[in-house]
Every structure is written in structure tokens, then in C-alpha cells.
Amino acid sequence: MNNKQFEKMAFRVKLKRWLITILIVIVTVPVMLGIGYKFTQSLAGHQTQLLNNKMETIQEIAAPNIQISDQALDDTSVWGGKVVSHQYKEIDGYRIPWSTAIGQYNWSFNWIPNTSLIDTTQTTAYTRLTQQKIPLFYNDNVDKPNVKKAFELPAVSKMKGYVAEVAVTFKHPLTYQQIQARLTHNLRASWYWIGVSGKADPTFEQNNFLGIQSGLPEGKLTKLDYQYFQKSLKKVSATTLDSYNNFSLSNYAHKYAKQHPTLKQAKFAGVILTGKSENFRTLRNQSWITESSVGATIKRVPYIKPTY
């Protein structure tokens, strides 16, 4: 075999190897990309589920008289996306728009941005997006809270033709049965607040009060409702609930769940009441109520009949 024949044979071998390499690359790269995409989407899917669970837990235990109409993925990409929850308030048959809750996720982790969507003055708190007034609770162990204590029952009871929500703080914690015995039939206990401990100031909490929503038209709670709520308190993590002014909501949730295992044993520090504005007249000058803070209100219309 002369040199020329050898060179031809060597070239054919090299060409064959090049073609095989190119073919392997053509086949392997898309496969690897597909595997990589599937793997990253699996990671993102896991983070999405964790974020969904986190947002649902907040809705269960830290959404004072706030309802959700949906919770869905938004703005998704290969790198991550958002979970968006549209919220509203139900006040005696009337729905009032509330701020949208948004969580974000990527392949590695998820989070709910602390965007401080609450505007406060010395006397009032508002949602930044909808500018609705927030009903506030107070701790009577705090002499000078971040937002001045409110006594708004007399004012709201003079409003004619409205429906309203009012957060009332109790002089002393009350059991569920004690609350029911004190309320009139024309007001609904929509949400029950479990309070805070020590000298924690609830007005710092960015409307992240801890409590349980009534799912029944009469504003009642069932043993099953409370059992589910108590379990949610026990499992909530520090990454789900923030701390405010050195007060840990998650630690307090765990402590409360341990000390109050049943609805019969539970004690509440306040309640959000809803109904016709005129019906709040019956609560004026009640000794068991210390503060009262009006939240959202809306003018009644002929084509929507109030529940109470």
C-alpha cells in the first residue's frame, strides 16, 4: 500500500468518525436538553406545590375575613413563575375587592414577597392596592400602639344604608360559647381572632392577624372547623409567617394550638363582625368590648339583599 492509498484510507476513517460524532451529538444533545428540561420542570413543580400549600395555609389561619376566588399559576417560564390568588371580602352578601396575594418560585425555592402592601397613618391602616380600610385589633397591654386605638362603633352605627365589617377587641379573652351568647341575631361573627401574647402590638402585623374564618351563614364554628384550624396552626413554619417587632407569629401559633386543642377550650381575643351598619347600635357601650375598628364598608343597593 503506497502513501496515497494510506492517506485515502485514513481520511475515510476520520470522516466516518466525524460523521458518527456528529450523529451522536445530534441525537444526544436534544435528549439531554429534554431530560434537563424535564428535571428542572420537576423541581419547579415541587416548588409550585410547596408555594400553593404555603399560600393556602396563610388563607386558613391569617386572612381576617378575606376570601379567595381563585389561585392559579401566572407569568410562568422555564426559570419559574408566580402563583396568584385573587381576594375579596364578603360583607353581609356584598363582595368588596381586596388586594391580590402573589407568591413566586424558581427551581430551588419559593417565597411570598414582603412588599409591605399596607399603608398606615397614626390612626388608620389601608391596603395599598385597593385603599380599603383595614379593621384592626389591639392589645390592651400596649399603651401606645403603632396605630392609635379606635372606638368606632358609635360612628358606624350612625351610618344609614351601608353594610360594614367591624373588628372588636374583647376586654378579656372569651370562649366560643361566651361570644355567641353576647352577639345579637342581626350581626354575623365572620372571623375569630386568637390574639397575641405579652406586649406584642398587633397593629405592626401588616394585617396578618391569626384566626379562624366562619364558613357557615350564621357565623358559627363547628368542631371540625376548629380541628382543621388547630392542625394548621401546629404545622405552620417560620418561613410561612413573618415576625413583627420581635413577635413570632409561627411560635405563637404553635403555642396556641398546644394550649387550646379543642373548640370548647379555645379562647378568642376578638372577632370581626359583619352586618348592616345600623345593627351595630346594639353593641355600643358594651363592657366586654374595649376597642372597635371599622374595616370595609359599602352602600347597600336595592338589587342585593343583605343576609342579616
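H1 is the top contributor to the lining of the largest pocket, with 4 residues. The model is predicted: local features need pLDDT of at least 70, side-chain atom pairs count only at pLDDT 80 or more, and totals for chains, interfaces and linings use all residues. Residues are numbered from 1 along each chain as its sequence is written, and side-chain values use heavy atoms, without hydrogens and water.

Helix H1 (3-61) is joined by strands E1 (67-74), E2 (80-91), E4 (101-106) and E5 (110-111); each supplies at least two lining residues. Helices (H or I, at least four residues) and strands (E, at least two) are DSSP runs, numbered from the N terminus. Nearest the centre of the largest pocket lie Ile 58, Ala 101, Ile 112, Pro 113 and Asn 208.

A pocket is an open set of points on a 1 Å grid over the protein atoms alone, where a 1.4 Å probe fits, with protein on both sides within 12 Å along at least five of seven lines; lining residues have an atom within 4 Å of a point. Volume is the space filled by probe spheres set on the points, which are joined across faces, edges and corners.

| Pocket | Volume | Lining |
|---|---|---|
| Largest pocket | About 830 Å³ | 36 residues |
| Second largest pocket | About 380 Å³ | 23 residues |

In the second largest pocket, Asn 139, Pro 173, Gly 195, Val 196 and Ala 269 are the closest to the centre. Strand E8 (162-175), helix H5 (249-259) and strand E13 (267-276) each give two or more residues to this lining. E8 has the largest share, 5 residues.
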